[in-house]
Amino acid sequence: MKIIVTVKLVPDTNADKRIDPGTKRLVRTGVENVLNPFDEYAIEAALQLREKRNDGSTVTIFTMAPESGKEIVRKALAMGADDAVMLSDPKLEGSDIAGTAHAMAAALKKTGFDLILCGTQSTDAITGEVPGFLAEVLGVPGLTYVRKLDSDGTTINAQRETDLGYVDVSVATPALVSVTKAINEPRYPSLKGIMGAKKKEIKMFSLADVDFTRAAGSDGAKTELLELATPPARQKGRVVNAADGTEGAGAIFDFLREKKLL
Amino acid sequence: MRDVIVFIEQRAGAPRRVSLELATKAQDLATALGGKTHGVVAGAGASQAAEATKAFGLGTLHVAEGGVTAEYLIDPLVDALEAAAKAAGPALILVPNTMIGRDVGSRVAARLDAGITSDATDVTVANGKVSTVSPKLGGLTITTCAFKNTEYGVVSVRPNVFAAKPAASPTSSLETLTLPAKKYGMKMGAEVEEAAPELGVEEASTVVSGGRGLGGPEPFTTLIKPLAEALGGAVGASRAAVDAGWIPHAHQVGQTGKTISPSLYIAVGISGAIQHKVGMRTAGTIVAINKDANVPIADFADLLVVGDLFQIIPELTKRVEAEKVH
């Protein structure tokens, strides 16, 4: 099977990020880009499927990012993916969900695939809406929130999470699947993996290399950003040192009553 | 964009509250846009859910029930919303920002070649133009977006930000939506329920969350859940508690979990590191209980009680329950 894993580089989730009030952009100084944590589950799921099938199936990492995104792709390769494809073009700057999905689809049609694996969402935009949109644009079944995955090569058997539990789903390939963090425990890259990743191919695509006929980036976007505001920071509130349970519970109870939350 | 279409998410004939919140909001938006309101209800139980939605005053409810809609999860819902949208013409489409709502919204946006904005905490109309407000980067920045070059705008709206109120006049008409006879590529089994049908953290107006300070899985059952129930809320958790295997991931609040906006958030034994903070910083009121006064949550909780959670929570639960009796 040809398995593609879509990844995104995002600002470090552990950093307390801030917006520059002048430029209204994220202050990047001191904030590292990392591989979107949700995508690590998709990579691990792909690697496990390849290992289980052991039939020459391949795992290709795909990202749409500026060239600096290569660094993040190397981490995904170090986990054990076979190769990577990057769609990188300055014209893509300012893409919204629709534009992102269409550009990704154009590149993925070029690479070909049996299965596309995505993380549930990114930790920066947190839309969770690219996988569904992408599946529609590619014209393949889209199965989201998967926590268990297996395939005989032509059919995907999966468990999709629901609000109360799960449903079993089967779907023929080619298909797109997004996975949740309940699916596995992503591996750490081994030293051998890290060394090996440096030799793996990262194929670079620009828009000219793929069949993309729409207006790109902000020109083609269906949404426009009108305003970026920094919300007022939450203030430090009241602190009560409770000697025992009664005092602690009383303080909270009175507070909730005062705030009309009871 | 003129008419406003609301996707009514339902389970076994009961509409989800967030959809009713959107139904209420839709009427103001439609008035401002000079258009009509519609609801789309599909899947097994759709007719029953439509009946329950009537009181919320949408102009027309389009109902697609039975047949394949009973057996599949997402595709027929997308077909139903797409059909209603195409019949209405240029429209603003509101979907709940839930697991199903996000799927239906993104896929219908792709089919209609529409613009889509996510996780909105407000939707407004000025001079006939729709704009949507969404916290991004975990509430660090608030973006206001509008639609352009599109006939349809799809917005996924965060639960709990609008009130659901029965309307003065109920829904005027029910219309049967006939879906195209279509073979879907996906086969789905019956839902296996693992949890009691309790309120999810995304929708609850009160969330009581437990963290590392609980020390194990049992306090979620013996302390957190009873307090959440007494307050009519849901159980949440920090990443530490989920990663330790104390509680399923569905409860996780934070950057790799769910981003929520309840009116009241009670953090029990949670330090409030940035990863968690971004998931709940837009809560109305934050109460924290921790044995350490120097945890990060001390800097942004409206009330921090420094003390022993194992003593405080049962006592608090008792008092809240006693209050309810009166």
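Predicted model: local features only at pLDDT ≥ 70, side-chain atom pairs only at ≥ 80, totals over all residues.
Strand E15, residues 206–210 of chain B, is joined to strand E17, residues 264–268 of chain B, by five bridges, and the two run parallel.

These two strands belong to an open sheet of six with parallel pairing, whose order is E13(A)-E19(B)-E18(B)-E17(B)-E15(B)-E16(B). At the edges stand strand E13 (238–241) of chain A and strand E16 (234–237) of chain B, and because each has a single partner strand, one side of each is left without a neighbour in the sheet. Direction ignored, neighbouring strands of the sheet are turned against each other by 20 degrees on average.

Helices from both chains accompany the sheet. Helix H7 of chain A, residues 245–258, packs on the sheet and touches E13 of chain A as well as E17, strand E18 (285–290) and strand E19 (303–306) of chain B, with its direction making about 170 degrees with that of E19(B). Helix H5 of chain B, residues 218–230, lies across E15, E16 and E17 of chain B and runs at about 130 degrees to E16(B).

Turning to the nonpolar cores, the largest holds 100 residues, of which Ile61(A), Leu117(A) and Leu149(A) touch the most other members. Helix H3 of chain A, residues 97–111, supplies the largest share of this core, with nine residues. A second core, separate and made of 34 residues, includes Ala230(B), Leu231(B), Leu309(B) and Ile312(B).

Leaving aside residues up to four places away in sequence, Leu149(A) touches Ala45(A), Leu49(A), Leu117(A), Ile156(A), Asn157(A), Ala158(A), Val177(A) and Ile183(A).

Notes:
Residues numbered from 1 in each chain as written. Chains lettered and ligands numbered in written order. Heavy atoms only, no water. Core = buried A, V, L, I, M, F, W, Y, C linked by side-chain atoms within 4.5 Å. Buried < 20%, exposed > 50% of the residue type's maximum accessible area, 1.4 Å probe, protein only. Helix = DSSP H or I, 4+ residues; strand = E, 2+ residues; numbered from the N terminus. Contact = heavy atoms within 4.5 Å. Pairing = 2+ DSSP bridges. Axes fitted to C-alpha atoms, helices over the stretch in contact; angles between N-to-C directions.
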